[in-house]
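Please take a first look at the structure below. A short briefing follows it.

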Amino acid sequence: MLRTAVVEDEPQCRKQILDMIEKYASENHKQIESVEFADGQELLDAGANSGFDLLLLDIEMPNMNGMKAAEKIRMYDKEAVIVFITNIARYALKGYEVDALDFIIKPIDYSTFRMRFARAVRRAEERERRKVGLELADRIKWMDSRQIYYVETRSRLLYYHTAEGVFSVRAALKDVQKKLEPYHFIKCNQCYLVNLYHVSEIRKGIAVVAGEELEISRRSQNAFLAAVADYMGSC
């Protein structure tokens with residue numbers, strides 16, 4: 001199920017958008033949960049862990065406008081799909097600064113909304129397929145696989161080094177490796193499982209992963225370098 005935030009200060013327009021989402025979901029047999037907010041500050045007050053896959057943000061709102069809210073969202077979530085809703089087309093250029101996928105210009109008609117929302121849903125579903133569950137001591141934390149830099153095994157625990165910090169999990173590296181292989185993770189030595197998405201440099205015996213220098217063992221070198229070459233070729 002996709003979680004969508006509708007952030008719009010005009011109640012009538014907000015209801016119109018919610019109705020259009022419901023209609024789209026029904027027509028396309030999608031499960032979409034929509035949560036409404038009256039401005040950007042309400043959205044942020046809901047917390048960084050609200051887990052929205054797709055955000056429809058009005059730009060001109062009191063308290064905190066959509067552009068400012070998007071800037072703050074990007075501080076902790078680089079992958080959420082953002083679509084701006086506005087009656088001023090000139091905002092489109094500024095939207096690229098926060099990696100907005102699209103714009104919907106007011107007044108909104110369903111034909112245009114359906115086309116643009118379908119594109120956003122496809123992008124959000126791609127992200128949903130990349131989600132990985134971390135079985136922490138007190139909860140399961142869901143993360144986009146691209147937020148995970150590498151996994152380290154130490155003292156019978158696994159340490160996930162991520163964009164949100166380091167999380168420890170009691171599990172075997174070989175089991176996690178099977179789960180993460182579809183997301184381009186590979187071992188550079190017996191202690192580290194590396195996300196190739198975050199490899200920025202390779203030099204003799206070293207892989208630089210999210211700024212950290214990790215050793216490439218002789219035993220893993222051939223398989224690791226071959227995986228890097230395949231990954232670069234597919235990008």
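This is a predicted model: local features need pLDDT of at least 70, side-chain atom pairs count only at pLDDT 80 or more; totals for chains, interfaces and linings use all residues.

Residues are numbered from 1 along each chain as its sequence is written, and side-chain values use heavy atoms, with hydrogens and water left out.

**The whole chain**

- The protein chain holds seven helices and 15 strands. Both are DSSP runs numbered from the N terminus: helices are H or I with at least four residues, strands are E with at least two.
- Its C-alpha trace spans about 65 × 40 × 35 Å along the principal axes.
- The chain has 235 residues, and 48% of them count as buried. Buried means under 20% relative accessible area, exposed means over 50%, and partly exposed lies in between (1.4 Å probe, protein chains only).
- Among contacts with a separation of 6 or more, 54% join residues 24 or more positions apart. A contact means heavy atoms within 4.5 Å.

**Helix α1**

- Helix α1 covers residues 11-28. Its 18 residues should span 26 Å at 1.5 Å a residue, and its end C-alpha atoms are 26 Å apart, which agrees. The expected span is 1.5 Å times one less than the number of residues.
- The buried residues of α1 are C13, R14, I17, L18, M20, I21, Y24 and A25. Seen down the helix axis, they fall within an arc of 160°, so they line one face of α1. The arc is that of the directions from the helix axis to the C-beta atoms.
- An α-helix has 3.6 residues a turn, so residues three or four places apart point the same way.
- The cover over the buried residues of α1 includes β1 (2-7), β2 (32-37), β3 (54-58), β4 (81-86) and α5 (110-129).
- On the other side of α1, P11, Q12, K15, E22 and S26 are exposed.

**I82 in strand β4**

- I82 lies in strand β4. This residue is buried, with a relative accessible area of 0%.
- Leaving aside neighbours within four places in sequence, I82 is in contact with L55, L57, A70, R74, V98, A100, L101 and D102.
- I82 and A100 are 18 residues apart along the chain, yet their C-alpha atoms are separated by 5.0 Å.

**Backbone details**

- Most residues other than glycine have a negative phi, and most peptide bonds are trans.
- H29 sits in the loop between α1 and β2. Its phi is positive, near 55°. H29 is exposed, at 73% relative accessible area.
- A210 is in the loop between β14 (206-209) and β15 (212-215). Its phi is also positive, about 50°, although A210 is not a glycine. At 38% relative accessibility, A210 counts as partly exposed.
- The peptide bond from K106 to P107 is cis, with omega near -5°. P107 is found in the loop between β5 (102-105) and α5.
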